[in-house]
Every structure is written in C-alpha cells, then in structure tokens.
Amino acid sequence: MAGTLTQPTAKTVTTLADGRQLIYYDSGEAVPRDAVDRRPLDPPAHGSEVRLDPATGAWVTVAAHRQARTYQPPAEECPLCPSRDGRHSEIPADDYQVAVFENRFPSLAGPPAALEGVDGLRVSGPGAGRCEVVCFTADHDASFADLDERRARLVLDAWTDRTAELAALPGVRQVYCFENRGAEIGVTLAHPHGQIYAFPFTTPRTARMAARAAEHRAATGRSLFDDLLAAERADGARVVLAGEHWTAFVPFAARWPYEVHLYPHRRVADLTGLDEPQRAEFPRLYLELLRRFDRLFGAGRTPYISAWHQAPAGQEDELALHLELFTIRRAADKLKFLAGVESGMDAFVNDVTPEDAARRLREVAL
Ligand SMILES: [Zn+2]
C-alpha cells in the first residue's frame, strides 16, 4: 500500500519530549511546524498483553497500566489543545489543523514477539502494535460535525496516511480508525478527537465478517459486501442518504437504536484504496450524517461511535471498507445499556426498527 496524501497536504513528522511521534497534517501550503516540546516527561507507559480466549477464539487486551491515564481534565488543562500562554499540552505548536500523536497511555505498543503457549489453551503475547490520537481541530469546543468539508477531507487523508504507515509495521494485522464522542460513551477528553489502534490480531467482529464473507463466496461465488450493498440500494427502505460514490443505510439487522453503515459503491479493502472521486465526495456525506445524528433528539449533541472497518492483512480480497456509525441513545432521555442479554450473550435487542430509524434519519430537519 502506498501513502496517499492525494490533495495538496503538508505532513510534518516531529518528536515529543518522551520520544513519541507527533505528526501535523496541513491543507495546502506547508506551515512551519518546528515548536519544541519542553515538558519534562517520563518515558511513556507500556506493557500490555494480549490473550486468546480459549472458549471463543477472541483476543483480549490486558492493559492494566492505563488506569492512571488522564480522566476528564478541566478545559484549561486539555492535553489536546495547542500550547498557548505558557501552558504546555501534547501539541507544542500554538495552533494546528490536524495533529496525530502516539498515545501516552497506549493499550498496544511496540514490536511483535513470539506468542507463548501456542500448543496449549493459554495463548498470550505482548500487546504489540500502536495506538494514536487524532486531533481534528484546535478548537476545543467544536465537534466533527462542525468542521468544514476541507477539514473533514484533511482528516480523511490523515486516516488514510496513518492506515498505510501502521499497516506496514511488523506484526500489525488490522488498523482501526474510530471516534468516540460524548461522555455517555466514556470519552475521557472533551476535545474533538479520534483514535487509531493498530492491532496485532484480527478483531472479533471482523473475524466473524470474514467467516460470513467466505461462506457467501462458497455458496454463491460472489462478494458478500457487493451483494449486501446492491440489495440495500435496490430496496431503498433503509437508505438514509446516497451520493454518486457512497451510500449510507441502516443495516437490516441493526443492533443499535440508530445505526448507519456507509459504503463506497466501488468496493475497496481499506482507506488507501479510495480513489479521488470517492475521497472528494466523502466529507459532504459524512458531515451530513453526523449533523442528522445531532438533530435526532432535539438540542444537544448525540453521543456516538464512528468506526472504520478495514480489511486485516490477508483478507483484502473479501472484506470491504465501510464506516459504521451508531449512537447508544434511544430517546432524548434514554440510553441503551449493554445489559445481560447483550453483554452476557452478545445478542442484541433493538428498541427501534431499522426502517423507522432510517425514516427518522431521512426526515430530521437540518
Ligand atoms: Zn482542548
């Protein structure tokens, strides 16, 4: 995979005081990004472990060192704001457009090493990989939905560039770009930002999709994701919005009260496979989706999770890049909790029909 900064984008790679990388992405002309991190920092905390659940085959990351991480600091101590007025944050510059840095409290970090116990029931290894933080804007009080299309495009290009670089690291199997938004989701920092996990394993949900795609290929000779997208576009009942190159729909068996999947019409394995027309159209559609989510429950921002599904190494032929966006809010004053049925059995009960959810998302006034 090649790095794909396809619009005029400047990328400046710098190093923080404790050796972590900080990368600035700027639209258009290069901006001098030479501010020095002057904080006295201890080396970042590492030392997680991955373990394979022998009963389900799902990998679990054990990261006990993260308990001390920054938790909901006041705005004047925000580590994601630029460094201004004598206060030093994670970003030494006094302004930025999009900034990406290695997480100081990573769940996954470092090079791969051999797994232990591979012939027994207890398979484990170091929590190898990398965790990054993506700051979408220097504006502490904004949200992604407030960005203009140019900035949203810059974020897309940053995600794409990170995907190419992280996928090339030794031992990385899957790159996952995502955003948690809202205290209800458990966000520990209010500043608009997302995260990227470079996993040393294929995540459980992706592994299930890969198995389904293989079954579908064996049964029909076709791509599961091509067929799924074609069926939703032909039906239309669950389509929320569509452009020339992307369609967003509520999935037939949605798990969450409001859940939308956004697929490019031309199937690609990951963000690096998107062509210029797909990239150019994405910001408008994605921003509209986020704004529709924010209007669902009247005033106030809707908490959401936005999750990029990308093919893991070796699965590029079958798995399709797509974004899954969902909220845990089911009514203005009600959250969907993952209780006994969902948490205990991974069996979801959805209180909103997918067709009603799609209709509401289409009809909500912007
Ligand atoms: Zn901030």
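**Exercise 1.** Which residues coordinate the zinc ion?

*Solution.* This is a predicted model, in which local features need pLDDT of at least 70, side-chain atom pairs count only at pLDDT 80 or more, and totals for chains, interfaces and linings use all residues. Residues are numbered from 1 along each chain as its sequence is written, and side-chain values use heavy atoms, with hydrogens and water left out.

Step 1. Look for donors, that is N, O and S atoms within 2.8 Å of the metal (3.2 Å for Na, K and Ca); water is not among the atoms, so sites may look incomplete.

Step 2. Cys78 (SG), Cys81 (SG), His140 (ND1) and His191 (ND1) coordinate the zinc ion at 2.1 to 2.3 Å.

Step 3. In sequence, these donor residues follow the spacing C-x2-C-x58-H-x50-H.

**Exercise 2.** State what arrangement the four donor atoms around the zinc ion have.

*Solution.* Step 1. Four donors count as tetrahedral if all angles lie between 85 and 135 degrees.

Step 2. The angles here are 103 to 118 degrees, so the arrangement is tetrahedral.

**Exercise 3.** Decide whether Asp85 and Asp346 are buried, exposed or partly exposed.

*Solution.* Step 1. Buried means under 20% relative accessible area, exposed over 50%, and partly exposed in between (1.4 Å probe, protein chains only).

Step 2. Asp85 has 83% relative accessibility, so Asp85 is exposed.

Step 3. Asp346 has a relative accessible area of 45% and is therefore partly exposed.

Step 4. Turn to the backbone. Most residues other than glycine have a negative phi. Asp85, not a glycine, has a positive phi of about 55 degrees, and Asp346 likewise has a positive phi of about 55 degrees.

Note on methods: Four donors count as tetrahedral if all angles lie between 85 and 135 degrees; four count as square planar and six as octahedral if opposite donors are over 155 degrees apart and all others between 65 and 115; anything else is irregular.
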